[in-house]
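Colleague: I would like to go through this model with you before I plan anything around it. Please keep to what can be computed from the coordinates.

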Amino acid sequence: MDLSTRYREILMKQKAYSYVLTIAGWDSNTEAPRGAFARRAEMLGVISGELFQLQTSNEYQEVINGLFERYNELDDITQREIKKAKKNLDKIIKIPKDEFIEYNKLINLSQKVWEDAKQNNDFGSFKGNLDKIVAFNKKFIKYYKIDDQPYNVLLDEYEDGMSMKEYDNFFDTLKRDLVPFVKEVLNSGKVLNDAFITDIYPKEKQKEFANYLIDVVAFNRDNGLMKESVHPFTWNTHSSDVRFTTRYLEDFMFSSIFAAIHELGHATYEQQIDSKWDNTILNGGTSMGIHESQSRFYENIVGRSFEFWEVHYPKLLEIFPKQLKNISLDDFYRGVNKVEASFIRVEADELTYSMHIMIRYEIERMLFSDEIKVDDLPKVWNEKMMEYLGIEPKNDSEGVLQDVHWSVGMFGYFPTYALGSAYAAQFYYAMKKEIDIENIVKSNNIKTINKWLKEKIHQFGGSKTPKELLLEVTGEEFNPKYYITFLKEKYSKLYL
Ligand SMILES: [Zn+2]
């Protein structure tokens, strides 16, 4: 049997195992009874072990290395696949197995330690674990023997081709051009008619509106579904089965509305990927940053626009006539785009959101360049909050302990959130040259936007890199200027 055929066979097996794990994971995160977790973990552990075996077996290594040696004889698609497979493989096999197991154990335990620390507002009880996680990551990076700075290796893991050079440029631009503007908005003294935001909106009624939104975004219900979870997320196995969740807070309806639109953005991306990638490793969205650009596009550019609420506010009024009785469309639109300095990233508004990411980026950068230690995190965190948002957390639970990421070893991930918003703005200005976005949203025809995104971005799945997509779709490399222009245009009108 030739190498390519063997590669396809092993890949299909890996995919079948992943499929089972993905579906079981969805179930764990949505409907599985709590009592089932111990047995489930045991069973899934066996399957994960099998998958790990398939991903690291001698046979698989021979196949990938063999194909990699014949790289020039491969067709373009297989070249991309093998390049990606080789990169993944090299990373997995370079870490000694016992250390890999020890690290995974540490990660599994640390999540609970972090949860408790956050609950008890006690950074000290989490510090030891975090220290070990950082040390493991530094050690693993050395094993990879990639000739680069440690933090660059982590950044590249979540966004192909991104390094401190690009991110420094991005965040420096934000610091120079956006931070002063954010301060101006925060100090504008504008008073909103916004008490309605925290009124009580019964969950069942919120569900009705979330359901309505699925059709507004023209999500294909035959190939996907929506459920409820504590933290909203999108989960997919392939383009014909894309699932997502939202959550319902009775005293904060916006949480459910914008989580639903955000996840619908992720989900639409996944649904519109050409099924021809299903049996390759180029299936799924191409990167965290591009994925986030799609969710932010729907959430912020479409979902927080005046035109969107011009069409859909009447429906919301119909569902909540009492709560929204004296709220005009204009009040509502301003409420949706309310800006305030706040402590919690996931609740931050569109304008101040990237400030939260900048803080995390700068901290991770210093941590992996050995400029600061885990011990210093709370202090550095609070100083930076003061510097960019003018507020200081009262305790670590609303400061350095708020996010789960570091407790599961995800360093280098945060910056992709801000990058996604900035990509979204760059795509927006490119789209605007070709179609009348405002009119399309106003006439409740989001299908036309979906179609554009499918043609230019979605259909390609992981077969194009973020850098290629940006260049092909917008005619230039990543340029943070669009993001700043978008925010300034929108929020000057609202606040200044
Ligand atoms: Zn997202």
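Modeller: Leucine 174 is a place to start: it has 23 C-beta neighbours inside 10 Å, so it counts as buried. The cut-offs are 20 or more other C-beta atoms within 10 Å for buried, 12 or fewer for exposed, and partly exposed in between, with C-beta atoms placed from the backbone. This is a predicted model, in which local features need pLDDT of at least 70 and side-chain atom pairs count only at pLDDT 80 or more, while totals for chains, interfaces and linings use all residues. Residues are numbered from 1 along each chain as its sequence is written.

Colleague: Which residues is leucine 174 in contact with, leaving aside its neighbours within four places in sequence?

Modeller: Leucine 174 has its place in helix H8, residues 164-186; helices (H or I, at least four residues) and strands (E, at least two) are DSSP runs, numbered from the N terminus. Contact requires that the C-beta atoms of two residues, placed from the backbone, lie within 7 Å. The contacts of leucine 174 are Val179, Ser354, Met358 and Pro480.

Colleague: At what angle do helix H14 and helix H16 pack?

Modeller: H14 covers residues 353-368 and H16 covers residues 415-434, and their axes are 8 Å apart. Axes are lines fitted to C-alpha atoms, for helices over the stretch in contact, and angles run from 0 to 180 degrees between N-to-C directions. The packing angle is about 145°.

Colleague: Which residues of H16 are met by Tyr353, Ser354, Ile357 and Tyr361 in H14?

Modeller: By class, the contact of H14 with H16 has six nonpolar, two polar and no charged residues. Here Ala, Val, Leu, Ile, Met, Phe, Trp, Tyr, Cys and Pro count as nonpolar, Asp, Glu, Lys and Arg as charged, and the others, Gly among them, as polar. The H16 residues in question are Pro415, Tyr417, Ala418 and Ser421.

Colleague: Is arginine 360 buried or exposed?

Modeller: Arginine 360 lies in helix H14. Its C-alpha atom is separated by 23 Å from that of tyrosine 103, 257 residues away along the chain. With 22 C-beta neighbours inside 10 Å, arginine 360 counts as buried.

Colleague: Which helix gives the most to the side of domain 1 that touches domain 2?

Modeller: The domain assignment, which is automatic or from a database, gives domain 1 (3-149) and domain 2 (150-496). In the contact, 34 residues of domain 1 meet 31 residues of domain 2. The elements of domain 1 that give two or more residues to that side are helix H1 (3-30), helix H4 (76-94), helix H5 (97-120) and helix H6 (124-144). With 10 residues, the most is given by H6.

Colleague: How far apart do the C-alpha centres of domain 1 and domain 2 lie?

Modeller: The side of domain 1 that touches domain 2 divides into 18 nonpolar, eight polar and eight charged residues. Between the C-alpha centres of domain 1 and domain 2 the distance is 27 Å.

Colleague: Where is asparagine 121, with its positive phi?

Modeller: Most residues other than glycine have a negative phi. Phi of asparagine 121 is near 55°, a positive value in a residue other than glycine. With 14 C-beta neighbours inside 10 Å, asparagine 121 counts as partly exposed. Its place is in the loop between H5 and H6.
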